[in-house]
Amino acid sequence: MARVSFTNNLRRHLPCPPTEVPGDTVRAVLDGVFAANPMLRSYLLDDQGRLRKHVKVFVGGRVVSDTAGLSDSVSAGDEVFVFQALSGG
Amino acid sequence: MADRIYVASRKGLLEFSEKAAGKWDMTGTSFVGEPVSAVLPDARDGTLYAALNLGHFGIKLHRSEDGAKTWRELPAPAYAATPEGEDGDKKDGPSVSLIWTLAAGGTDQPGRLWAGTIPGGLFRSDDRGESWSLVGRLWNLPEREQWFGGGYDEPGIHSICVDPTDSKRLTVGVSCGGVWMSKDAGASWTLGGAGLRNEYMPPDMAETRVLQDVHRLAQCPAAPNVIWCQHHNGIFRTEDGGVNFTEIETAQPSAFGFAVAVHPADPNTAWFVPAVKDECRVPVDQRMVVSRTKDGGNSFEVFADGLPKNPSFDLVYRHCLDIDATGERLAMGSTTGNFWVAADGGSRWTLVSNHLPPIAQVIWAPGD
């Protein structure tokens, strides 16, 4: 199981408490998250299932590199953290 | 309930209500801090729809059934995932980056909504926004490959005219991609726009219909074959539903702009907000005015009463000039965050607020 947590800025828009889901890739872990929280999907991924440009995912402190395929591996016990960079004025 | 005006702004959806004749107050805010790209008060059932562009988190759609007191998020229009290439590469597949306009279907089509988006998809819902489908017959036309971005990187659909006398007839404006018409609710499409011209294009391409930069289409409800077009290159008008356009060359003080409003009962009366020209998007002489023709474009009046007397840099985007059902009152909002309401057919303007965020749309919502 991986533990997944989300930036507070996302929680402004919809509930997304920390959760534990199985999966050995980022795609599998996120699919597990979306199964329980389907509205969350479009906040993190675009229409083609790619990570949105300004959304970053860290696995065990490493930034996910395959932002289109989300094939980066996840090990049991990894911390997965989803955040984004704020901008604008 | 009093008449209301909704203002979609860079930092929220704002509601204004008429507290006394000609006196408008802000009476509600929703999505404070979030960019609102489009709003639709659906006159058929009183429902309100709001489209957001959260940037980092994508585009969103919300619906309110209690006059913007509470909202529920709906699935937003989205493209189907494209099949992966041999190497699993999906990087070229489309994704909606902006809901640019929302339109209600006909009174005989309860629940039907249309959404015009960037990068150029027209989407339809038949269940009040609970689900959406791409209008594939328009998206898959080979001519669409020639569309290109105007102010945005990608082309977009900003105007969706639903003929009130025959709701299967649609006329759609694309920047940059011309005027497209359907007589069968989107099952087939033909390219209109003969007579439009892009003066800035190479001469042999100036009148190429699929390349026209239509800024906004405004259809007269009482005479739906008359559609006014504020185009990048000037003002045009059709009397045959979009097939052929005639250029209006008498506009003062300029023919460049984004917004156009047409009188709901008089197809010869229309309003514009002129700017200098494409590479200088400020009012002519930095003096903001609204122009009106009452004779189909043969002549124009220019109104400045109530508009800034000092140098002004306001630009009024394509969805930011709207007229009420009587044809007497208009509302207008600018990129500078100024918001005005006019009575008397737009001849006198009253500043409602001059400290709003940049405005993406203003729209009247009739009272009960």
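Reply: B:Val273, B:Pro274, B:Ala275, B:Pro283, B:Met288, B:Asp314, B:Leu315 and B:Val316 line the largest cavity. Here a cavity is a set of points, on a 1 Å grid over the protein atoms alone, where a 1.4 Å probe fits but cannot get out; lining residues have an atom within 4 Å of a point. By class, the lining has seven nonpolar, no polar and one charged residues. Ala, Val, Leu, Ile, Met, Phe, Trp, Tyr, Cys and Pro count as nonpolar, Asp, Glu, Lys and Arg as charged, and the others, Gly among them, as polar.

The space in this cavity is about 30 Å³. Grid points are joined across faces, edges and corners, and the volume is the space filled by probe spheres set on the points. The count comes to one cavity of 30 Å³ or more.

The model is predicted: local features need pLDDT of at least 70, side-chain atom pairs count only at pLDDT 80 or more, and totals for chains, interfaces and linings use all residues. Residues are numbered from 1 along each chain as its sequence is written, chains are lettered from A and ligands numbered from 1 in the order in which they are written, and side-chain values use heavy atoms, with hydrogens and water left out.

Now the cysteines. There are zero disulfides over all chains, a disulfide being a pair of cysteine sulfur atoms within 2.5 Å. B:Cys229 is in none; its nearest cysteine sulfur, that of B:Cys161, is 9.9 Å away. For B:Cys320, also in no disulfide, the nearest is again that of B:Cys161, 17 Å away.

Methods. On a 1 Å grid over the protein atoms alone, a cavity is a set of points where a 1.4 Å probe fits but cannot get out, and a pocket is an open set with protein on both sides within 12 Å along at least five of seven lines; lining residues have an atom within 4 Å of a point.
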